[in-house]
Amino acid sequence: MTLVAGSALWQASLTTVFLNALARAGEALVVMSGHEVAVEPARVRMCSVSEVVADTGSPDAVVAGVYVGITGSLHGHALLLLSPDGARRFAGLMLDGILEPADALAGPDGDLILSPLQTSALQELGNVTITACLNELGTYFEEPVHPTVPQGMVEMAGAILDAVLMDLVTDVDQVLSAQTRFHIGGQAIDGTILILPDAPSLARLAEAVASHGR
Amino acid sequence: MTLTVADGVALSPTTTLSVAGIGELVSSRDPSGTLVCYGLGSCVAVSAWDPRTHAAALAHFMLPTGSGGGPPVKFVDQGFERFLDAFRKLGGSPMRAEVKAVGGASMLTVMAGSLDIGRRNVQAVEAHLAMSGLRLAASDLGGSVGRTVQLAVGSGRLLIKSVAGTRTL
């Protein structure tokens, strides 16, 4: 069976991959945060970069992002995008017990700057969720898929994406997007995970997923 | 919080927006018009505004060099002359123009060492300006922040917005 990257069957297979990955991520987040964590089923699709940007509101919509590079059996980039407010609430829950909640959530409404501790918590959130996805993708290959050190930032969505796409633009115009919602400690926080393999990796992934289903 | 062009202090409610997406070029002589590039990261926006004719053009360059198709100013080496041609067609004189450049940031430190596209974009723009005998009247290049730029066609005022705030060139 040939599984074409981007086809309905391929997306269905990848949806399963992401569901498994996010379940793993949820388990890890329970341990990290000490709170009850649930991750809603992801909406997985191949889409254009402009569609991803539209999901964030506009290219200059400010988002909290975590970048992780992908090496090993796959090459490319991965991003977790949240609203700054969602990131701050997430960080507050993860830092609960380390800092007083009021300190963890410090910052006026609409403040776009995260403290170093909040940024660190955001990076850890990105690290856990993205690595869970990469580990799940890695089960389709003989060699593992490795993440780089995460980098957290609060920036314009378009600026984050254009920095990542520079590396891919000559051969990739579609990205793999998984939109999901985290429920942590009674709070719902929307997030988007983007996996952006380069063109050879995307073809290799489609082949690996197809082989797995044979 | 969402930064939108409507937040721009230079804009009137009746302004006409023309948006240059990645690799695209916009131009205008409508005095109520505003030319916009949203969310520049490593990309570089170059603007030209003629104080005599009020012709204006704005290009959103993505990469320093390249081959193949795609939008008109995706690559600086292929697109710079197209940018100047579009400006001339509206009656703009590049030699008389106020030329400004914004962007070329290094957003991702993890990637910066291997790619450094922002710096290479800036170098490519500077090289093509020099080849064309042009000088930058003002610039906001490099760093590690994303930027949105708005060029007011009527005044030539260039507004730059980032997470840190807003400034005018």
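Predicted model: local features only at pLDDT ≥ 70, side-chain atom pairs only at ≥ 80, totals over all residues.
Local features were taken only at pLDDT of at least 70 and side-chain atom pairs only at pLDDT 80 or more, while totals for chains, interfaces and linings use all residues. Residues count from 1 along each chain as its sequence is written, with chains lettered from A and ligands numbered from 1 in the order in which they are written.

Strand E4 of chain A (residues 76-82) is mostly covered, with seven of its seven residues buried. Buried here means 20 or more other C-beta atoms within 10 Å of a residue's own, C-beta atoms being placed from the backbone; strands are DSSP runs of at least two residues and helices (H or I) of at least four, numbered from the N terminus. Gly76(A), Ala78(A), Leu80(A) and Leu82(A) point one way from E4(A), and His77(A), Leu79(A) and Leu81(A) the other.

E4(A) pairs antiparallel with E3(A) (residues 62-72) through seven bridges, where pairing takes at least two DSSP bridges. Three residues separate the two strands in a hairpin, and Gly69(A) sits opposite His77(A). Seven bridges also join E4(A) to E8(A) (residues 187-197), again antiparallel, with Leu81(A) opposite Thr192(A).

As for helix H5(A) (residues 116-138), 17 of its 23 residues are buried, so the rest of the structure largely encloses it.

The largest nonpolar core has 119 residues, a core being buried Ala, Val, Leu, Ile, Met, Phe, Trp, Tyr and Cys residues joined through C-beta atoms within 7 Å. H5(A) gives the most to this core, nine residues. Phe90(A), Ala45(B), Leu58(B), Ala59(B) and Phe83(B) have the most contacts inside it.

Key
Buried ≥ 20, exposed ≤ 12 C-beta atoms within 10 Å, placed from the backbone.
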